[in-house]
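Let us walk through this structure step by step. Keep the sequence and the 3D view side by side as you read.

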Amino acid sequence: MTTSMFTASTANGQRIVADLHFPTTPPKGLVLLLHGLFSSRHSSTNQAIMPHLEQASLISICLDFPGHGDSDGDIRDTCVTSGAQAVAVVIERVLNDSPQLSEFPLVVLGSSFGGAVAVASLPQIAPCGVVLKSPALDIPGFMRRVRGEAVMQQWEQDGILYMPEFGPDASLSYHIITDARGYDTYALAQSQNIPFAVVHGTQDETVPVEQSRKIALSLGSQCNYKEIETGDHRFSQPEDFHQAVQFCAQSCIEMIPT
């Protein structure tokens with residue numbers, strides 16, 4: 001596998017850093033991997049999945065959302081809209097620099113917050129399939145579950161919520177909540193006539209598994225849905241993580257037309 005780092009600029013001038021990972025064999029398709037909150041393009045999920053994609057002759061595209069990793073921006077300003085804008089400019093840059101890649105099918109894989117961004121980006125990037133790992137499809141809902149109603153009200157009043165569990169300076173603007181309310185991710189998913197694959201742990205302490213059950217039910221036969229009985233949000237047990245990675249990688253591979 002060979003890797004090429006590049007940058008793309010959003011409309012407000014933010015520099016988005018991304019990597020293209022090319023297989024050693026002639027490519028058959030593209031997979032866009034989207035990380036979660038307070039993570040980066042070098043996430044453990046991305047690193048575990050990419051070798052499987054490389055073996056299947058697929059190009060991996062990994063980016064850092066604004067404020068994350070090496071990209072410009074303040075992590076406090078993270079929201080679905082800014083994530084989707086980053087996705088759009090990265091894909092545009094890839095296809096402008098390498099027009100031949102526009103001939104290849106694209107699958108998007110989103111983890112947690114990246115799952116919400118993946119669904120929000122569907123009208124712009126038109127993939128042939130979507131894979132979601134522990135997707136945060138209802139951000140206000142899961143934040144309310146984790147933080148509680150009193151904290152949510154204080155967050156709205158203060159404008160900023162500090163999250164020391166993610167680092168000494170970790171915080172998010174309440175804009176992530178108001179922005180997310182502008183997206184009906186379930187309706188967006190249903191509007192796309194493409195296959196979905198979703199994996200979620202039943203012991204997820206952050207994003208309720210019910211969010212994934214809801215999208216699987218709404219999509220019916222259009223969605224391949226898997227629950228991992230002992231899985232938490234990060235699939236922290238090695239066997240759970242292995243199952244999730246295998247499911248995501250195989251789903252991406254199977255969605256690429258032969």
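**Rings, loops and a backbone angle**

Start with Phe235, which is buried at a relative accessible area of 1%. Bear in mind that this is a predicted model. Phe235 sits in the loop between strand E10 (223–228) and helix H10 (238–255). Now look at its backbone. Phi of Phe235 is near 50°, a positive value in a residue other than glycine. Why is that worth a look? Most residues other than glycine have a negative phi.

Phe38 is another case. Its phi is near 60°, again positive in a residue other than glycine. Find Phe38 in the loop between strand E3 (29–34) and helix H1 (44–55). Is Phe38 buried or partly exposed? Its relative accessibility is 21%, so Phe38 counts as partly exposed, because buried means under 20%.

Next, turn to the aromatic rings. How many aromatic pairs does a search of the whole structure find? The search finds three. One of them joins Phe65 and Phe113. Their ring centres are 5.5 Å apart, with 85° between the planes. That makes the pair edge-to-face, because an angle over 60 degrees counts as such. Phe65 lies in the loop between strand E4 (58–63) and helix H2 (80–97), while Phe113 belongs to helix H3 (residues 113–120). The pair therefore ties together parts that are 48 residues apart in sequence. Phe65 is buried, at 1% relative accessibility. Phe113 is buried too, at 2%.

Trp155 and Tyr174 also form an edge-to-face pair, with 5.5 Å from centre to centre and 85° between the planes. This pair links distant parts of the chain, 19 residues apart. Trp155 is in helix H6 (residues 149–158). Tyr174 is in the loop between strand E8 (171–173) and helix H7 (175–180). Trp155 is buried, with a relative accessible area of 1%. Tyr174 counts as buried at 8%.

A ring can also face a charge. The charged end of Lys214 sits over the ring of Tyr186, 4.3 Å from the ring centre.

Finish at Gln203, in the loop between strand E9 (196–201) and helix H9 (209–219). Gln203 is partly exposed, with 49% relative accessibility. Which residues does Gln203 contact, leaving aside its neighbours within four places in sequence? They are Glu229, Thr230, Gly231 and Asp232. Now compare Val108. Gln203 and Val108 are 95 residues apart along the chain, and 25 Å separates their C-alpha atoms.

Notes:
Residues are numbered from 1 along each chain as its sequence is written. This is a predicted model: local features need pLDDT of at least 70, side-chain atom pairs count only at pLDDT 80 or more; totals for chains, interfaces and linings use all residues. Side-chain values use heavy atoms; hydrogens and water are left out. Helices (H or I, at least four residues) and strands (E, at least two) are DSSP runs, numbered from the N terminus. Buried means under 20% relative accessible area, exposed over 50%, partly exposed in between (1.4 Å probe, protein chains only). Contact means heavy atoms within 4.5 Å. Rings of Phe, Tyr and Trp (its six-membered ring) pair if their centres lie within 6.5 Å; planes under 30 degrees apart count as stacked, over 60 as edge-to-face and the rest as tilted. A charge sits over a ring if NZ of Lys or CZ of Arg is within 6 Å of the ring centre and within 35 degrees of the ring normal.
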